[in-house]
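Me: Please take a close look at a single helix of this model and at what surrounds it. I would like the cut-offs stated along the way.

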Amino acid sequence: MSDLKEPLHYASSKPVDAQTSKPTAGLHDRSIGAIIAETRNLSADQVERVLQYQRERGIRFGEAAVALGYANAEDVLEALSKQFHYPYAASERKSRSPELIALNQPFSSQAEVFRGIRSQIMMRLYREGEPRRALAVISPDTMDGKSYFTANLAVTLAQLGGRTLLVDADLRRPRQHEIFDVNNQAGLSSILSGRSEPRVIQQVEGMNSLFVLPVGAVPPNPVELLERPAFGMLMRELAGKFDHVVVDTSAALYGADASIVASRCGAALVLARQDRSRVLALQELTDSLDGINTTLLGTVMNQY
């Protein structure tokens, strides 16, 4: 396909080093106090009052600033995320992308669950000497929470610092552009149909290492597009350009979409929903992966 011979277009506000494929800006260590003072525009006199209060009571700067009314708990969490270079969504961003728990509430118990799943995936998917593969998240039915799960998994992978791409390959009911609040005028369907579009891969606001490739226009022939050699070529190209590639898929009840995507990615993770997913449907989904060159990493039970 001629469109795959050209470099993919990225929408990014940060310069990227050509050798390392990482942002060129260096990481600088800063104290919590300096970050809070800058965020809340504290004067030198106010900073001194906080420091004095901190010394008198033997507490942290953030606690002292909150006690004096110069900051709130949200400011402290944001400062911690900046100090440890851990992406954390601003309040305005949270209202636009409420489903991104791992970004909006990175220190919550829900986010910790996603980090635990991430650790299991890292151990099973990225093994020394094996080629890098994309990961397809598949499920038997709609309303299993697959898009929600895939989005938050991508966030936690990006929080490790490696360049992470989330590909929305649900060509029937795409949702990732809504979850991440990104433009959906062009995307995967444009590439697979042979149309050259600029800015198909978009950087997620507030996360230098996370990118999204939305679906674009919903096509009338999703299975035919996914079965074209261009899709497999694209997945191999993306797996070579990014540290992590996570792919959202259509529910298996719609047809062969999910198994086709999984076969092109090389690895798959099955998502089931507690008290909803049927054992027979899960068995049929896993059976559809037999005989194809795809590693099934396991099954995650969604409890929501």
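Reply: A residue is called buried when its relative accessible area is under 20%, exposed when it is over 50%, and partly exposed in between (1.4 Å probe, protein chains only). Helices (H or I, at least four residues) and strands (E, at least two) are DSSP runs, numbered from the N terminus. This is a predicted model, in which local features need pLDDT of at least 70 and side-chain atom pairs count only at pLDDT 80 or more, while totals for chains, interfaces and linings use all residues. Residues are numbered from 1 along each chain as its sequence is written, and side-chain values use heavy atoms, with hydrogens and water left out.

The part to examine is helix α7, residues 109-125, whose 17 residues reach 24 Å from the first C-alpha to the last, close to the 24 Å expected at 1.5 Å a residue; the expected span is 1.5 Å times one less than the number of residues. The buried residues of α7 are A111, F114, R115, I117, R118, I121 and L125. They cover an arc of only 165° around the axis, which puts them on the same side of α7, the arc being that of the directions from the helix axis to the C-beta atoms. An α-helix has 3.6 residues a turn, so residues three or four places apart point the same way. The face of α7 turned away from that buried side carries the exposed residues S109, V113 and M123.

Rings of Phe, Tyr and Trp (its six-membered ring) pair if their centres lie within 6.5 Å, and planes under 30 degrees apart count as stacked, over 60 as edge-to-face and the rest as tilted. By this rule the count comes to 3 aromatic pairs. In one of them the rings of F114 and Y148 have their centres 5.9 Å apart and their planes at 70°, so the pair is edge-to-face. Because F114 lies in helix α7 and Y148 in helix α8, the pair ties together parts that are 34 residues apart in sequence. Both F114 and Y148 are buried, and ring pairs link F114, Y148 and F149 into a cluster.
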